Structures are given as C-alpha cells and as structure tokens.
Amino acid sequence: MNDTAPASAGFYTEDMTISVGPQHPSTHGVLRFVVKTDGEVISEAIPDVGYLHRSIEKIGEKVTYHGYVPYTDRADYLAAMFANQAFCLAAERLAGTEVTRRGEFCRVIACELNRIASHLISVGTFGQDIGAMTPFVHALRERETINNLMEEICGARLTYNYIRIGGVGYDILPETCSRIAAFLDHFEPIVDEFNRLLSGNKIFIERLAGVAVVSKEDAFSYNLVGPNLRGSGVKWDIRRDIPYSIYPELEFEVPIGTAHVGVLGDSFDRYWVRIREMQESCKIVRQCLSMMPNGPAIAKVPRKFRPPAGECYARVEAPRGDMGFYVVSDGSEYPYRVRIRTGSYTAMSIIDKLSKGIMVADLIALIGSLDVDAPEIDR
Amino acid sequence: MQAFIDQLIQDGAFAGVPKEVVYAIAMVLTALIVLSVFVAPLAGVTSWLERRVWARMQSRVGPNRVGPQGVLQWLADGIKNLLKEDLIPAAADAKLFSLAPYVVFMGFLCTFVVIPFGSSLIVADLNIGILYILAVTSLVVVGILMAGWASNNKWSLLGGMRSAAQIVSYEIPAGLALLNVVFIAGTMSMQGIIKAQGWAPWDWFLFNNPFIFAAFFLYFTAALAEGNRTPFDIPEAESELVAGYVTEYSGMRFLFFFFAEWGNLYVIGAVATTLFLGGWQVPPLPMFEDNPVLLGIAEFVTFFVKAYMWVFVAMWVRATLPRVRVDQLMALCWKYMVPLSFICLLGTIGFMFVPENLHRVISAATLGFAVAVMVVFLVRVVFQIRNAKPELYLKPHI
C-alpha cells in the first residue's frame, strides 16, 4: 500500500500485482481478477470479464423465436432451464400465447430440479474452494442423479432445450414422476448429511463467518439478486413477489440470511441460503408431482411464430438470481433485439468493493459465495 | 553393515583401494539400496493407499487398473513422470530450481537414518535421535523456499513464504511436545526411548500421564502442519495458490515433492510410534526366544502397523476437513499450541516428582480415559454403520 517510503530510506515497497485467472482452479471457468496485494492482504481486486463471450444476444437477432431456445441454454449452462423459461415467457407474453396447465407443471418440476443441481455445484465447489474435497464429490454424485432424471425428461443432461414456446418439448411420464419422487426421498437426508459434513464444520464456519459482509444497502446499490441478496436479509424472490407460472399456487418459503454464525450478509449466510433453497425446491417438486393435472404438455403454436410488434421484459428466479430476457419484436419471424440480464454480472461488480483489505484466501471464498458463473457473466 | 565391510577389507577383497574410498562407495550403495528397496515403495504405496482410501470416502473407485487393485499405480505414475520433459522456465533461476526438489527430498530421506524398524533394524542409533529428526526435517523448508523463489512465479513465491512461516512456527510446538518424552525417558536415542517403554499399552509413554497424552495430539497436529497436510496445506492450497511452490515444476522434479510428502506421512507415524506408542516392542512370547528372525519380523510388523495407523488417521483428516486460513493457522500455533505445549512440558516435569504409587494410579486413569474415548468412538462408528443406508451411496438411483 505504501507506494513509496521516504526517499531517505533508500528502499521502498510496492504492491504485488497478481493475475488471478483466466486459468485458475477456483475461478470456475474463465474469469480474471487483477489483484494488487501487500503480502497476503489484498488492496484491490479488479474483475476482468469477457473471456467467455459468445454473442448470444446478437445471435438472437439472426434466428427465429423457436430456433433461439437452444441458444438460451448456453447463457448459463449450469441452469439452462431458467434461460429457456425466461425467453419463452417473454415470447409468450409478446404473442399472448397461453401455456397449457400440464406444461406449466412440467416447467416448474424441471426448473426446480435444475435449481437443486445448480446449487449442488455451487455449494460443492464452494467447499472445494475452502479446501474440503469430499463434499464436492458427494454433491456431484447427487447432481449426477439429477442429470439422469433430466436425460429421462428431455433427452439432454446439460443443455436441455426442454421448455418451448407454449409449453414443454416432452411430457413427463408417470414412471419418471415416481423416479423423481424416489430421488427426493433419497436426497433430503443427503442434505442433512452434507450439513453434518460441511456446514457445521468448525473450520468451515471460521473461514466464512464475518468474511466479505454485504450490508442490505450495499446489496441494493450494487443490484445483487437471488441468494446473494437474500443472504443479506432481504426477502425478495421473483417467484413470490412478481409471480409467474404456477408459483402462486405452491407453498414454499423464501430463505434469507440468518446470521446464526456471524454477521448478516457474510459469506456463510449466502452459502446457507443456497442449502435451504435446495430443501425448498424439494418441497416445490413434491407439491407439483401431487398436483399434476392431465392434458397436453404444449399448446398449439404456429410454426412461423410472429408476435406483434412490441417489447417485453420477462424475469424468472434463476439459481443465480433474477434472470431477465428483454425481447423486442418488429412483427417479423426474428426478434428485433434480445438482451439478457443475469445475476452473476452484477455480482461481479461488488467484488472490487468487498475485496479491499481481505486476504487472498478470503477472495476465493468471496467469489465462491457469490456463486459467479463465467458463462452467465459474459453470455 | 560396517562390520561386514570391515570383514571384506580384512579378507583383502579391495586390495590396493584406500579404506575411505571403500567406505564411501559402500555408503552410497547402501543409500541407493535403502532408497530403491524401502523408501520408494513406501512412499509409492502410501500414495496409492491414500488415493484409494480417499476415493472410498468420496464414493468413488480410485486407481484400480495397474496391478491387482491398482497397487502398482505409483510405479506407472513414476515411469510416466520420468519420461516427461523436465521443463525449466526461462525466467527461473535454473540452478536453484533444479536443486530444490532434492533438498526437500533429502530432508525427508535423512530421517530414515534413525527410525527404528526393529530392535536391530536401524541404520544408526544416534544418541541425539530426536534432535536429529527435528534438525533434518527443517531442511525441507529450505528446499521449499528455494523452489518458491527460484520459480520466479508469484504463486510459487507466496506458497514458499507461507510454507516457511508455517513450518518454522510449527516446529516449536512439535519440538516441545517431543521434549516431554525426552524428559521421561532420559535419553534422545530412538532405541533408548523404545527400550524405556514396554510392549503393553500401560507401559507406553502415551499413557504415562495426562500431559503426555495431550502432548501426543499436539505433536500429531503440529506434524501434520509441518508435513503440509490438510487442514494445514496452505503452501500448496490449489484453490488459492494454483499449486503453491510446485506450480512451475513438471516431470520427476514435481514428483519428488510429493514423494517427500507421502514419505513424510510415514515418518510422522513412525516418530509418533517410537516416542509415544512403544515402538517395535512385542510381548516376550516363548516362540521368539530362540528364533531371532521371527522376532525381527514380529517387531517390524508391530512397528509398521502402529505407524500406518497414524498414516490412516492423516488420510481421514485430509478427506474430512477444509483448509484453515493463513492467519488462523498462525494464531492456532502461537496462541494455543505453543502455550499448551509449555503447559504439557511443565506438567510432565512436575510428574517426575510425583511418588511412584500415585503416578501408577494417574497412569491407569489416563489409560482408562483413552479406552473410554476409544469405546465411545467405536460405538459411534458401529451406530453409523448400522444406520447407514449403503444403497443411498453405492447405488445411485436410475
């Protein structure tokens, strides 16, 4: 921090500049931070994004509405279902298409399973960032089962292309429903086991409690969304507050940070919100399975889908927070503009503020606790 | 060994060669034999075992392709690494860079000189055995600093600096904990310490008094930290420092660091066994009396099993715990472990003035406490195994 000592001393100290990433074990993809450190203490960490830019927004102007759905998968490949749904919501609202009721249930089941899978990756890799290797493998083992279920539902394991305009691509079969129920019976005890192994661990708590605290005001002013916002104690969930799909009919809680080990809004709270969201998602899927009506899974949508001229912004609650698709139509077969708003991109902006004065190891914990995801940042 | 060489010289096997040259060659040959026959398989098999144990805890399979159950995996890895390019970065200080792995390796290898595998299986029973071990393991930090500095990489430098601070700090509680035993035994010689104990658990120094019992765990914790093991593996914390001081290394030089790490695990167990757990002492059974070979084997196996038990514990710890932060690591050492070690040392010194009868009672109580802890642990393990649902873990759905 001392750029120059008095010249009479004859020598001086200067900050060391380290490039964390784009290839670094805990930046989860290609992220880069230019970090200035004084020994182990960080004085500045500037995020450098753009290594994974794939022009997904521009591609939206070149393909039809139906054809764009597979591209939205790639916006956030850990939670592809939500980008599908957000884009389809926008297109349906533009055209006034009604989604079939069974289609809505299929959507919610697939989305919540996807949320569990995404949070499993998040908490697992978070444990690995802190140095615990076993929880990561256990989390991935459970995610593998979800991938199998997803394969059964829609034929793909990562980029689903399941939710289509007007409904879903394939109906969820009764035997798949029973397998999903069996998985939930299996998974809920595993969450408790995970808590015994990792969440209650003294070292883990010591590493996270009180580290990188985001106050409520900061969370608002830096536009944090999703679990990061809820970790700071704000009860805000798109599913509850700007309801879409069948969420108003379902009962679920919105977990917020509890500060039971540290300060409200610290890294542990953000982690803990994700753990409890997985349990809430289990509840939601169970309700959907029991309430699932019969009927067609997808509405009749014209092959040449031409919404009237206008614009629409649709948002869903993705695992990384509020995901929005802004679609402008000029009445043709192709969207005039598509813009995507994602949670990780705004979460990156607060890292610069939070990283001042923390240690290198804490920066890794901070990145992990914000659950930033490289594909979602750059699109 | 020396007697054997002397005999050969007397028989005139090396006529015309100066005595010193013969001794030097013999020493080099012995070192090579020890290295290739004992240390390499030991470190190698430990690496395989760790991967298998770890894999089982993580519901994976682990290496199982080379040889039965994959036991030869370490050999395949070694050959692969030997054949790889030995890359030295252009910006590195080439001489120091190439030298560093050998310094680390030497620091670990030299400890094998005084480790007693049996009553007659020891290279040299130095009268300063423990001091020697503490001294040569400090060489490791020189090697790690060299690697960190010479790599000319910021991650390596950070790793090297962390490691220097960590190892130097943790030598203090480790040394103080070992000093307890020296006080009781009245000697620093490894064989002397073992001979001061008996084969039965109540004769072990571990249960001599409550302070030594505590000192043992202090030593084990500090040794894990000195050996860069989780939860103290911050010098090579791969999620923070990429690979710490080994970031720039490749091929066999890279392997030498890990060779030393895995071999060091065994050294930790061996030192703990020697000082606290009665070493190679076996019950004086009649069948050993006229059969020195059988006795030697029994002693070796006893020592090996006791030492490996602690290697296993280190593996479990690694599979279970996250990593502490560097300032927490230092706080743990200087705020808690050093004062506690001093208290243990003072307590042990105090116990040397306790009358014999009272001392026996306290020893028995310590042993009883340890047994109670073990029983509770085993009951918990049995409870967990009974209540475990293996179908949850071993056969994922669908």
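A residue is called buried if 20 or more other C-beta atoms, placed from the backbone, lie within 10 Å of its own. The model is predicted, and local features need pLDDT of at least 70, side-chain atom pairs pLDDT 80 or more, while totals for chains, interfaces and linings use all residues. Residues are numbered from 1 along each chain as written, and chains are lettered from A in the order in which they are written.

View 1. Among the buried residues are B:Val140, B:Ile144, B:Leu145 and B:Met146. Their cover includes helix 4 (94–109), helix 5 (129–137), helix 7 (154–185) and helix 10 (251–276) of chain B. Just after helix 6 of chain B, B:Asn152 has a positive phi of about 55°.

**View 2. Helix 4 and helix 13 of chain A.** The two helices pack at an angle of about 175°, with axes 9 Å apart. They are therefore roughly antiparallel (an angle over 145 degrees). A:Thr125, A:Phe126, A:Asp129 and A:Ile130 of helix 4 meet A:Ile364, A:Ala365, A:Gly368 and A:Ser369 of helix 13.

**View 3. The contact of chain A with chain B.** Chain A brings 34 residues and chain B 26 residues; two residues are in contact if their C-beta atoms, placed from the backbone, lie within 7 Å. On the side of chain A that touches chain B, helix 5 of chain A gives the most, with eight residues.

Methods
Helix = DSSP H or I, 4+ residues; strand = E, 2+ residues; numbered from the N terminus. Axes fitted to C-alpha atoms, helices over the stretch in contact; angles between N-to-C directions. Parallel < 35°, antiparallel > 145°, perpendicular 65-115°, else oblique. Buried ≥ 20, exposed ≤ 12 C-beta atoms within 10 Å, placed from the backbone.
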